[in-house]
Amino acid sequence: MAIVVGTDLTKTYNGLRAVDNINFSIERTECFGFLGPNGAGKTTVMKMISCRSPVGSGDIVVNNMSVKTDARKIKSVIGVATQEDNLDRDLTIFENLAIYSRYFDISKGVAKKRIDKLLGFFDLTSKRDTRVDELSGGMKRKLIVARALVNDPEILILDEPTTGLDPQARRQIWDTVIRLKSEGKTIILTTHYMDEAEELCDRLALMFDGKILEYGSPKELIEKIIGTNVCELYAPDKESANEISKTIPGSIEQVGSRLYIYGNDANVLRRMCEAATSAKHSVRRATLEDVFLKLTGRGLK
Ligand SMILES: Nc1ncnc2c1ncn2[C@@H]1O[C@H](COP(=O)(O)OP(=O)(O)OP(=O)(O)O)[C@@H](O)[C@H]1O
């Protein structure tokens, strides 16, 4: 059953259509991702879902309530881990969480129990009384996610949860998302990392220039738009890539001197490239990055 439904959603900033007539439906307890490059409109959608920015036109219904009329109630069922670090740097981890819990009128006793549980869950108990200033980037990010859970929301929004983190801290956030999902939370996340989207998301909306280009599970999207494999071919220059592309049948994308040749059978792809040119090439499994490249002519970065 859908828990969040966006219909004909548009948002314009000074004439710029940051979100351009999109439709989406997020199921209860799934992890749904908005994947797209910088400026695609992902954060703007998150702000509208969480009632932090009014919808331009169209509507979003959360738990059968419209963001236009029921913002207060919707805010009580959503937790938001924002992209920017807006923690209070002079306060400790515990104080940051305790202050936040007051916005939701949670009694001191309940808040303390919930915070202690969250600190355990996020492996931050030993840092309970440490000031935010003294935490690593990964710990701060975990604290931002923990803070989003203080009101025990049904829906957790994670806006670019791992941008700028090292691989180990990234993995910790991923494990946390997987655990929260298994506990029944609905998770909505934005990312421009295709590996993150593939690892965490049950379904995805691929966003570009304010629009949703495609919608589905990572596997469905890859199979539908690319197939199973990609041969990446490195021509000496753009002109020769152009010439080579004319001799290879099938679905091809060119970016400068590089050709991306799509197909299902790795051996067929390899033989096709070998027959066409002596230029260096390699065959690998298709990814969401390939899907983006094919749909937009550019990558996610
Ligand atoms: N408050 C604002 N005022 C004016 N323009 C805005 C505002 N917020 C976002 N925009 C513009 O809207 C577009 C979409 O921005 P948004 O932050 O939603 O994209 P994004 O996909 O989340 O990008 P990123 O990955 O960089 O966070 C961009 O062109 C951005 O400059």
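**Ligand shell, strands and domains**

Modeller: Sorted by class, the residues of the shell around the ligand are 4 nonpolar, 7 polar and 1 charged. Please keep in mind that this is a predicted model.

Colleague: Which residues surround the ligand?

Modeller: The ligand has around it Tyr13, Leu16, Ala18, Gly36, Asn38, Gly39, Ala40, Gly41, Lys42, Thr43, Thr44 and His192.

Colleague: And which elements each supply at least two residues of that shell?

Modeller: Those are strand S2, covering 16-27, and helix H1, covering 42-49; the largest share is that of H1, with 3 residues.

Colleague: Changing topic, how is the chain divided into domains?

Modeller: The domain assignment gives domain 1 as 2-217 and domain 2 as 227-285, and the centres of the two domains, taken over C-alpha atoms, are separated by 40 Å.

Colleague: Let's look at strand S9, then. Is S9 mostly covered or mostly open?

Modeller: Strand S9, residues 203-208, is mostly covered, with 5 of its 6 residues buried.

Colleague: Which strands does S9 pair with?

Modeller: Strand S3, residues 31-35, runs parallel to S9 and is joined to it by 4 bridges, and within that pairing Phe32 has Arg203 as its bridge partner. S9 also pairs with strand S10, residues 211-216, in the antiparallel sense over 5 bridges, where Phe208 stands opposite Lys211.

Colleague: What does the turn between S9 and S10 look like?

Modeller: The two strands form a hairpin with 2 residues between them, and Asp209 in the turn has a positive phi of about 50°.

Colleague: Where else is there a hairpin?

Modeller: S4 and S5 form a hairpin with 2 residues between them, and Asn63 in that turn has a positive phi of about 50°. The two strands, S4 and S5 (residues 65-66), run antiparallel and are joined by 2 bridges, with Ser66 in S5 as the bridge partner of Val61. Strand S4, residues 57-62, is also joined by 5 bridges to strand S1, residues 2-13, again running antiparallel, and there Val61 stands opposite Val5.

Colleague: Now the open sheet of 4 strands: what is the order?

Modeller: The order is S12-S13-S11-S14, with antiparallel pairing.

Colleague: Why is one side of S12 and of S14 left without a neighbour in the sheet?

Modeller: Strand S12 (252-255) and strand S14 (280-285) stand at the edges and each has a single partner strand, so one side of each has no neighbour in the sheet. From one strand to the next, the twist averages 20°.

Colleague: How many bridges are there between S11 and S14?

Modeller: Strand S11, residues 229-234, pairs with S14 in the antiparallel sense over 6 bridges, and the bridge partner of Asn229 in S14 is Arg285.

Colleague: Which helix lies across S11?

Modeller: Helix H10, residues 266-276, lies across S11, strand S13 (258-263) and S14, and runs at about 20° to S11.

Technical notes:
Residues numbered from 1 in each chain as written. Predicted model: local features only at pLDDT ≥ 70, side-chain atom pairs only at ≥ 80, totals over all residues. Domains from an automatic or database assignment. Near = placed C-beta within 6 Å. Nonpolar A, V, L, I, M, F, W, Y, C, P; charged D, E, K, R; others polar. Buried ≥ 20, exposed ≤ 12 C-beta atoms within 10 Å, placed from the backbone. Pairing = 2+ DSSP bridges. Axes fitted to C-alpha atoms, helices over the stretch in contact; angles between N-to-C directions. Contact = placed C-beta atoms within 7 Å.
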